[in-house]
Amino acid sequence: MTVASIGAVTMTLILVAVFLAVMLNLNEMAANIEDDVEINAMIDPTFNEEDDIVDLGEQIAELNGVDSVTFSSRDDELEKLIFSMGEEGEAWQLYEQDNPLNHVYIVRTFDPEDTVTVAAEIETFAGVEEVNYGQGVVERLFQFNTYARTVGLILILGLVFTAIFLISNTIKITIMARSKEIGIMKLVGATNGFIRWPFFIEGMLLGVLGSIIPITLVLAGYYYIDTNISERINYSFVELLPFNPFAWQLSLIILVIGAFIGVWGSVMSVRKFLKV
Amino acid sequence: MILMKDIYKTYANGVTALNGININIDQGEFVYIVGPSGAGKSTFIKMIYREVKPSSGSIIINNNDLSEMKERKVPFLRRDIGVIFQDFKLLPKLTVYENIAFALEVIEESPRNIRTRVMEVLELVGLKNKARFMPDELSGGEQQRVTIARAIVNNPKIVIADEPTGNLDPETSWGIMEVFEEINSRGTTVIMATHSKEIVNTIKRRVIAIEDGLIVRDEYRGDYGYEV
């Protein structure tokens with residue numbers, strides 16, 4: 001039974017470790033993408049007075065949640081466009097004489113999730129022709145991140161509770177084997193704390209022993225992925241968290257969860273036996 | 001000192017065990033609790049060391065009001081009360097010495113005190129030469145002496161025994177009674193539930209008879225009063 005509950009902790013922690021590694025990496029990537037989200041507020045071409053444009057910039061900067069507002073003239077915009085098109089961009093050079101683009105304010109928010117509301121407010125300002133922030137895509141990205149976090153959290157909590165249940169059953173068996181001893185201890189006036197601590201230690205030990213294999217796997221597995229696979233991925237936004245310190249932090253989390261599962265399991269089962 | 005006032009006890013399953021108990025037992029008394037099986041003797045005894053709480057009424061033990069006592073104080077109450085059972089409740093894997101020392105270890109007594117105290121009580125119960133024996137190497141009477149030694153090793157003010165001679169033959173029982181008298185002569189209150197007519201009628205002490213959860217008789221130097 002001891003082996004079984006250590007095994008249960010081991011399995012739980014392996015799954016938790018994998019979930020955590022995937023989730024935290026996804027989270028990091030999502031955060032990277034989220035950080036890249038910016039609002040392009042295109043200024044109406046008829047809105048030509050320089051003072052008006054400066055006023056508009058200040059108005060935007062005063063909005064709640066706005067981090068930075070950068071002005072980019074239509075010439076800058078064309079340059080960026082030509083640059084981003086590479087060789088094909090040369091065709092656009094013809095437009096340098098008669099630039100069809102707008103002046104643009106590039107707005108960043110402190111919290112990427114504010115993007116949508118801030119964009120909607122900017123759109124109402126006079127002189128703003130159009131607001132562009134990757135409508136649709138951004139909303140879906142945020143939604144996906146929220147789902148992924150919630151689902152991951154629920155799965156991890158479910159696994160942790162299963163392991164706590166198994167540990168508390170193991171400890172219950174130890175306690176029942178020692179129930180006569182505990183009864184005598186209570187009779188001669190031992191305090192609950194005194195009776196509890198050996199089980200407390202036992203639970204913690206079960207949890208910590210159960211975390212050895214998962215930690216080994218995390219360190220070895222993540223090292224392998226970090227050195228062999230991440231080099232082959234070339235998309236700039238898909239970047240794994242570096243082995244050091246991430247794998248060590250993850251191991252520590254696994255160890256703490258393991259000890260927590262063990263202690264909690266033992267506390268749960270001892271509590272019932274101390275009520276006399 | 002034990003003082004009970006209007007004690008009623010109804011268990012969760014609906015059985016009423018005590019039906020208005022009033023009693024006053026002074027420090028140093030020797031009291032027999034007699035009565036038919038199921039009359040409420042065990043409930044009465046368990047209330048003293050607070051294994052059972054009354055449904056209503058108040059109990060005062062050594063100036064502590066048990067109805068107001070917090071859970072975490074209960075262990076300290078029990079350190080002043082030694083309890084002895086018919087079925088001994090010894091730990092089979094520990095020696096006689098260890099079984100008695102166990103009672104002091106779990107209340108975190110210092111090792112030096114433990115040694116002297118255990119040897120003292122072993123002498124008192126007459127088992128000094130059997131300290132290293134295992135419980136199953138002893139006779140029933142000797143095992144009961146070990147449990148008595150364990151109950152008195154931390155100098156309790158009250159010793160409670162629930163049919164301590166119930167599993168013993170008459171001759172052995174007299175030996176056990178001598179130990180109880182010795183303990184009582186040192187100023188310890190002894191409360192003993194028993195079905196032994198011979199003992200109660202021979203060693204005359206206060207007799208409290210409980211029937212249907214009520215005290216029906218309370219006399220000093222009383223008789224057992226029931227036909228066996």
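**Exercise 1. Work out what share of the contacts in chain A between residues at least 6 apart in sequence join residues at least 24 apart.**

Start with the contact rule: two residues touch if their C-beta atoms, placed from the backbone, lie within 7 Å. Then take the chain A contacts between residues at least 6 apart in sequence: 84% of them join residues at least 24 apart. Before going on, a word on what you're looking at: this is a predicted model, where local features need pLDDT of at least 70, side-chain atom pairs count only at pLDDT 80 or more, and totals for chains, interfaces and linings use all residues. Residues are numbered from 1 along each chain as its sequence is written, while chains are lettered from A and ligands numbered from 1 in the order in which they are written. The model scores ipTM 0.85 and pTM 0.69.

**Exercise 2. List what chain A is built from, and in what order.**

Helices (H or I, at least four residues) and strands (E, at least two) are DSSP runs, numbered from the N terminus. Chain A has nine helices and four strands. Read from the N terminus, they go α-β-α-β-α-β-α-β-α-α-α-α-α.

**Exercise 3. Find which face of helix H8(A) is buried and which residues sit on the other one.**

Step one, the helix itself: H8 of chain A covers residues 212-229 and reaches 25 Å from first C-alpha to last, close to the 26 Å expected at 1.5 Å a residue (that is 1.5 Å times one less than the number of residues).

Step two, burial. A residue is buried if 20 or more other C-beta atoms lie within 10 Å of its own, exposed if 12 or fewer, and partly exposed in between, with C-beta atoms placed from the backbone. In H8(A), A:Pro214, A:Ile215, A:Val218 and A:Tyr222 are buried. Looking down the axis of H8(A), these buried residues fall within an arc of 95 degrees, so they line one face (the arc is that of the directions from the helix axis to the C-beta atoms).

Step four, the cover: helices H1 (2-36) and H9 (243-274) of chain A are among what covers the buried residues of H8(A).

**Exercise 4. Trace the six-stranded sheet of chain B.**

First, the order: this open sheet runs E6-E7-E8-E3-E9-E10, with mixed pairing. Strands E6 (81-85) and E10 (214-219) of chain B are at the edges with a single partner each, so one side of each has no neighbour in the sheet.

Next, the pairs (two strands pair if DSSP finds at least two bridges between them). E7 (residues 158-162) and E8 (residues 189-193) of chain B run parallel over five bridges, with B:Val159 opposite B:Val190. E6(B) and E7(B) are also parallel over five bridges; here B:Gly82 partners B:Val159.

Last, the burial check: four of the five residues of E7(B) are buried.
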